[in-house]
Amino acid sequence: RNWQDRGQTFPSRRSYRNYLQALSCYDEALQRAGDDLVVQNNKAYGLVSIAESEAELSRHQSAIEKCTQAVTLYDEILRRAPEDIVVLSNKGRALRRAGRCLASLSRREEALEHYSQALASCDEALRQAPADLWALNSKGLVLLSLGGLHAQAEEHTAASESYAQGL
């Protein structure tokens, strides 16, 4: 088995330590294969998975940092493959997670900016592939998170609009 395959086996176990081992495998694969786009995408996805675990433990700042690293990797991939629908959707996922963490830290304006960027990434994916289920799902989740942020601020009309668009 190659290093990339080893990295993909760990996240399915859904444990933080295993996510870290997966990242180590992706780093090894990138050292051996250079800047392979699939491995870069997998590493970025792993970073967001770690961020989700950290957010569950209220380690929001660390989760934001992991998401930022993931977005940087996704941007590198998109410079070489701007039509990659999966990467665009995954970037939306990373930005949404960062937005949720920022909202948890009462950094509302930054959260709104991240949600806006997440929607832009999902919209670009949907512009290229209007029926893509992953992109549609990602956009729906961003809109629901955005609705929650508006609801917290008692912006009921904006919350209702976001919720309606997300459903």
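Helix axes here are lines fitted to C-alpha atoms over the stretch in contact, and the angles between them run from 0 to 180 degrees between N-to-C directions. On that basis, the axes of H5 and H6 come within 8 Å and cross at roughly 165°. Angles over 145 degrees count as roughly antiparallel, so H5 is roughly antiparallel to H6. The model is a predicted one.

**H5 against H6**

- H5 passes H6 in a left-handed crossing.
- From H5, the contact takes in Ile85, Leu88, Ser89, Lys91, Gly92, Leu95, Arg96, Ala98, Gly99, Arg100, Leu102 and Ala103.
- From H6, the contact takes in Glu110, Ala111, His114, Tyr115, Gln117, Ala118, Ser121, Cys122, Glu124, Ala125 and Gln128.
- Sorted by class, the contact of H5 with H6 has 11 nonpolar, seven polar and five charged residues.

**H3 against H5**

- Helix H3 spans residues 37-56 and helix H5 spans residues 85-104.
- The two pack at an angle of about 20°, and their axes are 10 Å apart.
- Angles under 35 degrees count as roughly parallel, and H3 and H5 are therefore roughly parallel to each other.
- The crossing of H3 and H5 is left-handed.
- On the H3 side, the residues in contact are Asn41, Tyr45, Val48, Ser49, Ala51, Glu52 and Ala55.
- They meet Val86, Val87, Asn90, Arg93, Ala94, Arg97 and Cys101 in H5.
- The contact of H3 with H5 has eight nonpolar, three polar and three charged residues.

**H2 against H3**

- H2 and H3 pack at an angle of about 160°, with 9 Å between their axes.
- That angle makes H2 roughly antiparallel to H3.
- H2 passes H3 in a left-handed crossing.
- H2 contributes Tyr16, Tyr19, Leu20, Leu23, Tyr26, Asp27, Ala29 and Leu30 to the contact.
- H3 contributes Val39, Gln40, Asn42, Lys43, Gly46, Leu47, Ser49, Ile50, Ser53 and Glu54.
- The residues of the contact of H2 with H3 divide into 10 nonpolar, five polar and three charged.

**Nonpolar core**

- The largest nonpolar core has 42 residues.
- Ala70, Tyr74, Ala94, Ala111 and Tyr115 touch the most other members of this core.
- Two or more core residues come from each of helix H2 (16-33), H3, helix H4 (60-80), H5, helix H6 (108-128) and helix H7 (133-152).
- Beyond its neighbours within four places in sequence, Tyr115 is in contact with Arg96, Gly99, Arg100, Val142, Ser145, Leu146 and Leu149.

- Leu149 lies in helix H7.
- Its relative accessible area is 4%, under the 20% limit, so Leu149 is buried.
- Apart from neighbours within four places in sequence, Leu149 is in contact with Ala103, Arg108, Ala111, Leu112 and Tyr115.
- Leu149 and Ala159 are 10 residues apart along the chain, and their C-alpha atoms are separated by 7.5 Å.
- Ala135 is also found in helix H7.
- Ala135 is buried, with a relative accessible area of 0%.
- Setting aside neighbours within four places in sequence, Ala135 is in contact with Ser89, Cys122, Ala125 and Leu126.
- Ala135 and Asp123 are 12 residues apart in sequence; C-alpha to C-alpha, they are 7.9 Å apart in space.
- Lys91 lies in helix H5.
- Lys91 is buried, with a relative accessible area of 17%.
- Not counting residues up to four places away in sequence, Lys91 touches Val71, Tyr74, Asp75, Leu78 and Ser121.

- Most residues other than glycine have a negative phi.
- Ser106 is not a glycine, yet has a positive phi of about 60°.
- Ser106 lies in the loop between H5 and H6.
- At a relative accessible area of 65%, over the 50% limit, Ser106 is therefore exposed.
- Glu154 has a positive phi near 60°, and this residue is not glycine either.
- Glu154 sits in the loop between H7 and helix H8 (156-166).
- Glu154 counts as exposed, at 62% relative accessibility.

Terms used:
Residues numbered from 1 in each chain as written. Predicted model: local features only at pLDDT ≥ 70, side-chain atom pairs only at ≥ 80, totals over all residues. Heavy atoms only, no water. Helix = DSSP H or I, 4+ residues; strand = E, 2+ residues; numbered from the N terminus. Parallel < 35°, antiparallel > 145°, perpendicular 65-115°, else oblique. Left-handed = near helix turned anticlockwise from the far one by under 90°. Contact = heavy atoms within 4.5 Å. Nonpolar A, V, L, I, M, F, W, Y, C, P; charged D, E, K, R; others polar. Core = buried A, V, L, I, M, F, W, Y, C linked by side-chain atoms within 4.5 Å. Buried < 20%, exposed > 50% of the residue type's maximum accessible area, 1.4 Å probe, protein only.
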